[in-house]
Amino acid sequence: MSAAANTAPETILRATSLLADLTGSAPEGIWSAPGRVNLIGEHTDYNDGFVLPFAIPHRTAAAVARRDDDRIRVASTFADEPVEVALDELGTLFPTPTGSSPRVPEWAAYPLGVAWALREAGADGFGVDIALASDVPVGAGLSSSAAIEGATASALNELWDAGLDRTALARIGRRAENEAVGAPTGIMDQMASMLGEPDAAIFLDCRSLDAVPVPVGVVDAGLAILVIDTRVSHSHATGGYRERRASCERGAELMGVPSLRDVSVDDLPRAAEIMDDVTFRRVRHIVTENQRVLDTVRTLRERGARAIGDLLVASHASMRDDFEISVPELDTAVESALAAGAIGARMTGGGFGGAAIALIEADAEARVSDAVRAAFAASGFAEPTVFTVVPSAGAGRDA
Ligand code: ADP
Ligand code: MG
């Protein structure tokens with residue numbers, strides 16, 4: 001793991017104090033992992049396609065101490081009570097049966113699920129106390145879930161001497177989220193959180209898991225990326241997300257391919273003929289979104305960040321009209337940012353709430369933020385949280 005992970009000192013302090021409250025002692029180490037913003041490529045991950053996320057400065061820190069028994073205890077500033085189980089019990093708790101809730105409080109299924117998945121992968125650990133604190137907004141589509149998984153996985157991988165690389169740890173996080181929490185997410189969030197690099201987005205092929213950093217260069221270009229957290233809470237584990245996944249699987253089956261990754265823009269006329277309108281529009285979103293990711297990577301390399309605005313806007317329209325995962329708050333965020341001069345804007349994350357991003361001139365931050373807040377007020381929406389992010393480092397050890 002890289003050294004200096006640059007977690008906010010206040011977040012480290014909160015994790016350390018929580019551990020001290022729990023154990024009366026100092027941590028053996030502190031590890032952290034960031035949330036992420038997806039620049040473009042939405043719902044393409046579970047279709048074996050392309051995504052282009054970047055890690056954000058907001059991170060979750062895990063302060064960890066060794067115990068002298070074979071139990072694991074997790075605590076979070078986010079939860080009232082710590083949760084403690086014997087390491088050998090993990091295999092009886094997980095996997096969580098499909099369709100039911102985890103046998104531990106849901107938040108604890110993320111870190112305990114990581115411990116379980118590491119043991120499943122052969123790690124033979126000792127007892128630990130893990131105290132978690134985070135400055136990643138929870139449930140805002142910025143992947144606080146990958147951050148908690150990445151921080152826990154990085155800590156236990158090192159302490160338990162499991163020797164897994166970053167991609168393997170991303171898989172551990174995904175397994176925890178899928179099988180312990182029961183949320184059917186793809187691998188994008190965990191890969192972005194594990195592999196993020198300063199000033200770069202991670203161009204990820206979700207089939208091969210090849211990951212290539214692509215410089216975004218927003219700061220050098222005098223640009224900024226605004227995050228507009230609508231504070232409409234999304235939930236991956238329910239309804240819409242599962243339904244979209246099922247539509248994609250149906251679409252691939254009708255096209256006679258393993259996944260929608262294997263359908264190209266040229267195949268769309270045939271798709272339109274053989275499937276119902278709703279399934280076709282779901283397919284069209286995935287197929288065109290994959291192409292937009294490839295186009296964005298090429299444009300960033302050839303012409304720089306200022307040239308990707310139209311691709312972001314087209315991505316939002318496709319999610320709103322074809323995939324139907326936007327909500328009025330997200331549309332308002334995008335429209336008002338564009339009207340105030342943003343170069344491009346789109347909802348980001350799984351949809352049904354969460355956040356939008358806008359690519360703006362750095363000196364336009366106040367103007368665009370004010371315009372977005374005014375548009376929310378005029379529509380009677382709750383006030384959004386608006387802040388800027390820069391592509392940042394992935395998981396690492398802080399102390
Ligand atoms: P997102 O990843 O977009 O923030 P998710 O629904 O995928 O939203 O994950 C949010 C959930 O992850 C929370 O409801 C909680 O259960 C868990 N979680 C995230 N961060 C923490 C934390 N610091 N402490 C405890 N649980 C957390
Ligand atoms: Mg999540």
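Let's start where two parts of this chain meet: 3 salt bridges are counted between domain 1 and domain 2. Keep in mind that you are looking at a predicted model. One salt bridge to look for joins the side chains of Asp205 and Arg261, with 2.9 Å from N to O.

Domain 1 takes in residues 9–213 together with 393–397, while domain 2 runs over 216–389. Between the C-alpha centres of domain 1 and domain 2 there are 26 Å.

How many residues of each domain are in contact with the other? Domain 1 brings 39 residues, and domain 2 brings 49. Putting domain 1 and domain 2 together buries about 3400 Å², and carbon and sulfur atoms give 63% of that area. On the domain 1 side, the residues that lose the most area to domain 2 are Ile40, Glu42 and His43, which together make up 19% of what that side buries.

Polar contacts can be counted here too: there are 22 residue pairs in polar contact between domain 1 and domain 2, with both residues at pLDDT 80 or more. Sorted by class, the side of domain 1 that touches domain 2 holds 19 nonpolar residues, 12 polar ones and 8 charged ones.

Note on methods: Residues are numbered from 1 along each chain as its sequence is written. Chains are lettered from A and ligands numbered from 1 in the order in which they are written. This is a predicted model: local features need pLDDT of at least 70, side-chain atom pairs count only at pLDDT 80 or more; totals for chains, interfaces and linings use all residues. Side-chain values use heavy atoms; hydrogens and water are left out. Domain bounds come from an automatic or database domain assignment. Contact means heavy atoms within 4.5 Å. Buried area is the accessible area (1.4 Å probe) that two parts lose on being put together, summed over both. A salt bridge is a side-chain nitrogen of Lys or Arg within 4 Å of a carboxyl oxygen of Asp or Glu. A polar contact is a pair of N or O atoms within 3.5 Å; within protein, one must be able to donate a hydrogen and the other to accept it, and residues adjacent in sequence count only if both atoms are side-chain atoms. Ala, Val, Leu, Ile, Met, Phe, Trp, Tyr, Cys and Pro count as nonpolar, Asp, Glu, Lys and Arg as charged, and the others, Gly among them, as polar.
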